[in-house]
Amino acid sequence: MAKPKKPDNRPSWDDYFMEITELVSRRSTCLRRQVGAVIVKGKRILTTGYNGAPSGLKHCSEVGCLREKLNIPSGERQELCRASHAEQNAIIQAAQHGVRINEATIYSTHFPCVTCAKMIINAGIKKIIYQQGYPDQLSKELLQEARIELIKMTPAKLTLAADEPKESG
Ligand SMILES: [Zn+2]
Ligand SMILES: [Zn+2]
């Protein structure tokens, strides 16, 4: 019997994980930007995270975000926001469930900020695959010094994203 032919539109692993990362980001409640992160090892998803307020607390989308109110530029004064970042939440989820993420790869819709970068380094993650840049020079320097592999992916032809109108609110 002939082997079934591989469909031409089958996504690469990177596209596959990045598309899932995009989907994860859509759960975000941040008013500034929606970020998703997925930690992968051996072609398996270990954990996921998106930026939002800590569990059980009110989201910026409900009570407003101080960074938004004060018009703070992107990349600055992150401590003023209630939300914890996607990458942090993915790492924390690993701790909660006792999942070893040493030597893993993190897919993220955005380049990590410096706080996330430090956590990624100490979590033993070796590779970051991201789509969009982020204005944080120190983050880049630390990651390079730690020899973390940084790969920028051009936004994939995301099949999920597009069309649907964004929920307002
Ligand atoms: Zn906020
Ligand atoms: Zn961050």
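## Loop residues and the nonpolar core

Asn-71 lies in the loop that runs between helix 3 (66-69) and helix 4, and in this predicted model the residue has a positive phi of about 60° although it is not a glycine. Asn-71 is exposed, because 6 other C-beta atoms are found within 10 Å. Lys-43, which lies in the loop between strand 1 and strand 2 (44-50), likewise has a positive phi of about 60° without being a glycine, and Lys-43 counts as exposed because it has 9 C-beta neighbours inside 10 Å.

| Residue | C-beta neighbours inside 10 Å | Class |
|---|---|---|
| Lys-43 | 9 within 10 Å | exposed |
| Ala-123 | 20 within 10 Å | buried |

Ala-123 is part of helix 5 and, leaving aside neighbours within four places in sequence, is in contact with Ile-91 and Ile-101. The C-alpha atoms of Ala-123 and Ile-101 are separated by 6.7 Å, although the two residues stand 22 residues apart along the chain.

The largest nonpolar core has 27 residues, and those with the most contacts inside it are Val-38, Ile-39 and Ile-106. At least two residues of this core come from each of helix 1 (13-25), strand 1 (36-41), helix 4 (86-97), strand 3 (105-110), helix 5 (114-123) and strand 4 (127-132). For Ile-106, again leaving aside neighbours within four places in sequence, the contacts are Ala-37, Ile-39, Glu-87, Ala-90, Ile-120, Ile-125 and Ile-128.

Technical notes:
Residues are numbered from 1 along each chain as its sequence is written. Chains are lettered from A and ligands numbered from 1 in the order in which they are written. This is a predicted model: local features need pLDDT of at least 70, side-chain atom pairs count only at pLDDT 80 or more; totals for chains, interfaces and linings use all residues. A nonpolar core is a set of buried Ala, Val, Leu, Ile, Met, Phe, Trp, Tyr and Cys residues joined through C-beta atoms within 7 Å. A residue is buried if 20 or more other C-beta atoms lie within 10 Å of its own, exposed if 12 or fewer, and partly exposed in between; C-beta atoms are placed from the backbone. Helices (H or I, at least four residues) and strands (E, at least two) are DSSP runs, numbered from the N terminus. Two residues are in contact if their C-beta atoms, placed from the backbone, lie within 7 Å.
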